[in-house]
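Please keep the sequence and the model at hand while reading.

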Amino acid sequence: MPASVYIKTSSANFQTMKIFVLVIAVILGSFYLMSSVLIPVIISFTLYALFEPATLYLVRHNINHSVSILIVLLLLVIFGFIATAFAFPQLLDQVGLLQAKLPQILSQLEVFLTRYSSALSAKIGIDLDNSKIIISLLSQFSSLGQSLLLNISDKLLGFAIISLLVPFLTYYLLKDYKSVRNRLMNWLPNSSFELGWLIYHRVARQLQSYTRGVMIQSAVMASICIAGFTLIGMDIAVLLGCITGILNLLPYVGPIISMVLTLLVTSAMTPFDPSLLYLGVLVIMSAQIVDNVIVIPAVIAHAVNLHPVQVVLGIIIFGSVFGTLGVILAIPAIATAKIVYNNLYTDILNAHRKTP
Amino acid sequence: MSNSFWSNIFKKQNNEIQSIANLWQSTPLFNKIPARHIEFLSAKMHVRHFRPDEVIFRQGDQGAGAILVMQGSVRVMANKTELALLEAGDFFGEIALAERDIRTADAFSLGNSTLVYFLKQDLEEWIELEPRLGARFLMNLSSTLAQRLFQVNQLIADQ
C-alpha cells in the first residue's frame, strides 16, 4: 500500500473513531436520562416494529391512519386479555410446581456433581467440595427469592406503569414517529444530511427485520416446545416451552441454557423416567432443526450480519455491564454500531481521498 | 389545526408544499401521478437551504435520493469540467432512488439556493402505501434514467 493511501486510511479511521465514540456517548447519555422509562420505551418500539406493517396494510385498504392504529391496538389488547386469562393461571400453577420441585432439582444436581466431581478430582488431583457448591447455589437462590419478595410491591408498581405507558407510547409511535423523526433529521447540517439518512435507513431496516424475526422465531420455538413437552408428558410443559422460546432470543447461548434447564426439570420428575431425558432433549433439538432449516432462512437470514464470535463476546460483555437487558439488546446494538461505523468510515475516507 | 406539539415549530407551510408539488408535477418523474399524491409526497420531502458555493455533494459520496432545485441554481462538475447548470424546477441525483448510488460528480450551490430532497426511504414508504402508483412512478424513473443514458451515449458518440 502506498504511504499516502496508508496515511489517509489511518487518518480516516482515527476521525471515524472520534465521531463514533461521540455518537456512542450521546446514545448512552440518552439511555441514562431515560433509564426510568427505558423498558416501556424499548417494549413500545418493539411493538411499533411488529405492528407497523399491519397498520400500513389497513391504511392501504383506505382506512384512516388513526382508526387503523386503534384497530391494531384493540386487537392487541383483546389478544393480551385472552392470553392473560387463559395462560396466566396455568403459568402461575406451573411456576408453583417448579418452586416445589426446586429442592429435588438441587438434589439431582448434587447427585450429578458428586458422581462427576469424584472422577474429575481423581483426574486433576484437586478435591472439589460439593456441599460448598450446593450451599452457595442455595444461598443464591434464597437471596434471589428474598429480593423478589421484598421488591414485589415495586415490581407491581413497575408493571402497572409499563401496562399504562406501553399502549400510550405505542399509539403515538405508530401515529407520529415518522413525522417527528423527519423533523429531528432536518436538524442535521447540510454536509451530513444524506449520510445521516442513509445510516438511519440501514439501521432502521436491520433493527425492524431483526425484531420481527426474533419474535416470530421465539413464538415458533415456544409453540413447538410446548406441544412436544406436552406430548411426552412433562409436568411443566407450558412454562418450560415459554422459557425456551424466550431463551431463544440469545443465539448460541440460549439453546444450551434451555437444554440444561429441561434436563434438570426432567430429572426432578417423580417417578424418574430416564427416557424422558432423551425425549426432552429430542424436543428441543427438533425445535432447533425447524428453527435453523425453516425459520431462520425465511425470517431472519441477513437481518444481522455478525460473526458468531462477535455475537458471543457481545452477549457476555453487554450482559456483564447492563445485566439482563444488555443480554437481550447486545445483538441489535452491535449490528447498529457496525453499520454506523462502516458508513461513517466510508464517507470520511472519501472526503480524505478528495483532499490533495 | 395542528395535531401535535411540534407542528407549530416545524410544520411545512401549505403554500410551500404546493410550490414543491407544482415543481415536481412538471417533471417526467411524476408523469400521470395524481396531484393529491404529489402533494402528499411533497409534504414528506426535506427542504434544505444552501449558501453560495456550499457543497451539495462530492463525487464518491453516497446518495440518499433525488434533489429538486426549488430556488437558486446549482453547478454540477466533474474533473473541473462543468456538466450542467441547474435552475429552479430541475432535478438531479435521481439514480439514488433506484439503486444504492455513489455520486458521480460534484454539485455546488451557486448563490443562495433552496433544494428539496426526495429520499429513497420516503419513496419506499409511499410505494408500500400506494403500490399501483408506485409502479407508475418507477416506470417514469426508469424512462428518465434511460433517457439520461441515451443522452450520454450520444455525447460519447459525438466526441
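A residue is called buried if 20 or more other C-beta atoms lie within 10 Å of its own, exposed if 12 or fewer do, and partly exposed in between, with C-beta atoms placed from the backbone. By this criterion, 30% of the 159 residues of chain B are buried. The model is predicted: local features need pLDDT of at least 70 and side-chain atom pairs count only at pLDDT 80 or more, whereas totals for chains, interfaces and linings use all residues. Residues are numbered from 1 along each chain as its sequence is written, and chains are lettered from A, with ligands numbered from 1, in the order in which they are written.

Chain B contains six helices and 10 strands (DSSP runs numbered from the N terminus; helices are H or I with at least four residues, strands E with at least two). Its radius of gyration is 16 Å, close to the 15 Å that the globule rule gives for 159 residues, so chain B is as compact as a globular protein of that length. The radius is taken over C-alpha atoms, and the rule is 2.2 Å times the number of residues to the power 0.38.

Helix H2 of chain B covers residues 14-25. In H2(B), the buried residues are B:Ile17, B:Ile20, B:Ala21, B:Leu23 and B:Trp24. They lie on the same side of H2(B), because they cover an arc of only 160° around the axis (the arc of the directions from the helix axis to the C-beta atoms). The face turned away from this buried side carries the exposed B:Asn14 and B:Asn15. The buried residues of H2(B) pack against helix H3 (35-44), strand S4 (65-71) and strand S10 (113-119) of chain B, a contact being two C-beta atoms, placed from the backbone, within 7 Å.

Note on methods. Expected span 1.5 Å × (residues − 1).
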